[in-house]
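Please look at the sequence and the three-dimensional structure shown here, and keep both at hand while reading the report that follows.

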Amino acid sequence: MKVIVVGAGVVGTMHAWHAVERGHEVVHIEREAEARGASLRNFGQIWVSGRAGGEELDTALRARELWEGIGARVPGLGFRAIGSLTPVRSELELAVAEAAAARPDAAARGYKLLTAAEARAVNPALRGDFEAALWCERDAAVEPRLAQLALREALLATGKYTFLPHREVRDVVGENSVRDDRGEVHTGDAVVLCTGAWLSGLVREVAGEIPVRRVRLQMMQTEPLGEPLTTSVADADSFRYYPAYASPALDALNEGQAQDPTAAAHKMQLLMVQRLDGGLTIGDTHEYEHPFAFDTLEDPYEHLTRVVESFLGRPLPKIKRRWAGVYAQCVDTGRVVHRQRVRDGVWLVTGPGGRGMTCSPAIAETTANELGW
């Protein structure tokens, strides 16, 4: 079988990975030299902790298993089973953490409520003041700026994979075929369009209006911290954002403890991961209304800096880079991703939202199973 994959972000690359793993030939088409979108502009978190129970959690847990296996074979991914800590500071925040730790699926997530001393034993860099922390053992991390490159190198070594950069697919022509902007037609036994946040042009022509929206975020990265940050770190605003924390305790938090005005205005949470070079990736904001701003705003960065420094009990290293990104999010909360047959032999897979880096191996595996690869 020959599979044509369009889009070299993490979702497209994982589709190529599964096809090659099953013995098929892959032609992988990317409109730029390499992916430059949300697949690079994220935390690199394999984030199990906040996922909704049911299909979303099952997908994340399967993806976590797949990431670990792939990471053992492709060390360049930088896979680390580091877990995460969410420190809490008030009784209302603590109640949400306690409710999460009491969930029926808490063991599957690796949830455990830790005292402040226990949390500092797990992550000694957390020298600031907090009362307790929610530990999630199943969370992990990879290097987002390196992952697709490392996977592609491994795929090229198989002899079953061809990468065609600088080609934008313009048309779906007949069954199982696409034409690129050089006029070349690529035909296989299946075509998978993994177009990320590119939802206009070809996608609109072949799929019409789909239940997927674009979301913009701001993030930043520091110079090396100078010491290990042994886990990912979130703040209690993540309770307001992720569906796993929905509970009467969360309702009480929302009613009884106002979110910081800057965080509320920009729909923020703190997530923080240490990169292999020692720097910290820190974010993020959420913007849903179009047209998106073309610039980045300083207030969210100042808020994140204050929160991080309060947990670390020390000043942040110098900010090395700031960026904005846009990802595609399926608005049907009952689905992990939007998967649609748009022509005979041609499938569109998009809209994983903030779950893309986490869930992409399992999303691609499901596509491969459903298409009978």
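L149 has its place in helix α6 (residues 144-156), where helices (H or I, at least four residues) and strands (E, at least two) are DSSP runs, numbered from the N terminus. This is a predicted model, in which local features need pLDDT of at least 70 and side-chain atom pairs count only at pLDDT 80 or more, while totals for chains, interfaces and linings use all residues. Residues are numbered from 1 along each chain as its sequence is written, and side-chain values use heavy atoms, with hydrogens and water left out.

With a relative accessible area of 34%, L149 is partly exposed; buried means under 20% relative accessible area, exposed over 50%, and partly exposed in between (1.4 Å probe, protein chains only). Together with L146 and L276, L149 forms a nonpolar patch on the surface, and the accessible area of the three is about 260 Å². Patches are made of residues with over 30% relative accessible area and no salt bridge, like charges being joined within 9 Å and nonpolar side chains (Val, Leu, Ile, Met, Phe, Trp, Tyr) within 5 Å. The accessible areas come from the Shrake-Rupley method with a 1.4 Å probe, and for residues only the protein chains shown count as cover.

Turning to the whole protein, there are 12 helices and 19 strands. Its radius of gyration is 21 Å, close to the 21 Å that the globule rule gives for 373 residues, so the protein is as compact as a globular protein of that length; this radius is taken over C-alpha atoms, and the rule is 2.2 Å times the number of residues to the power 0.38. Of the 373 residues, 58% are buried.

Helix α11 (residues 298-312) has 15 residues and spans 21 Å from its first C-alpha to its last, close to the 21 Å expected at 1.5 Å a residue, the expected span being 1.5 Å times one less than the number of residues. Its buried residues include Y301, L304, V308 and F311. Seen down the axis of α11, the buried residues fall within an arc of 160 degrees, so they line one face of the helix; the arc is that of the directions from the helix axis to the C-beta atoms. Just after α11, G313 takes a positive phi of about 70 degrees.

Side chains of opposite charge can pair when their charged atoms come close. The structure holds 25 salt bridges, each being a side-chain nitrogen of Lys or Arg within 4 Å of a carboxyl oxygen of Asp or Glu.

| Salt bridge | Distance, N to O |
|---|---|
| E56 and R51 | 3.9 Å |
| R62 and E365 | 2.6 Å |
| E227 and R314 | 3.0 Å |

Both E56 and R51 are buried. R62 in helix α2 (residues 55-73) and E365 in helix α12 (residues 356-370) are 303 residues apart, and their pair links distant parts of the chain. R62 is partly exposed at 29% relative accessibility, whereas E365 is buried at 14%. E227 is buried, with a relative accessible area of 17%, while R314 is partly exposed, with 26%. Salt bridges that share partners join R51, E56 and R355 into one network.

Helix α2 also holds L66, which counts as buried at 13% relative accessibility. How far apart in space are L66 and C359? They are 9.5 Å apart, C-alpha to C-alpha, and 293 residues apart in sequence.
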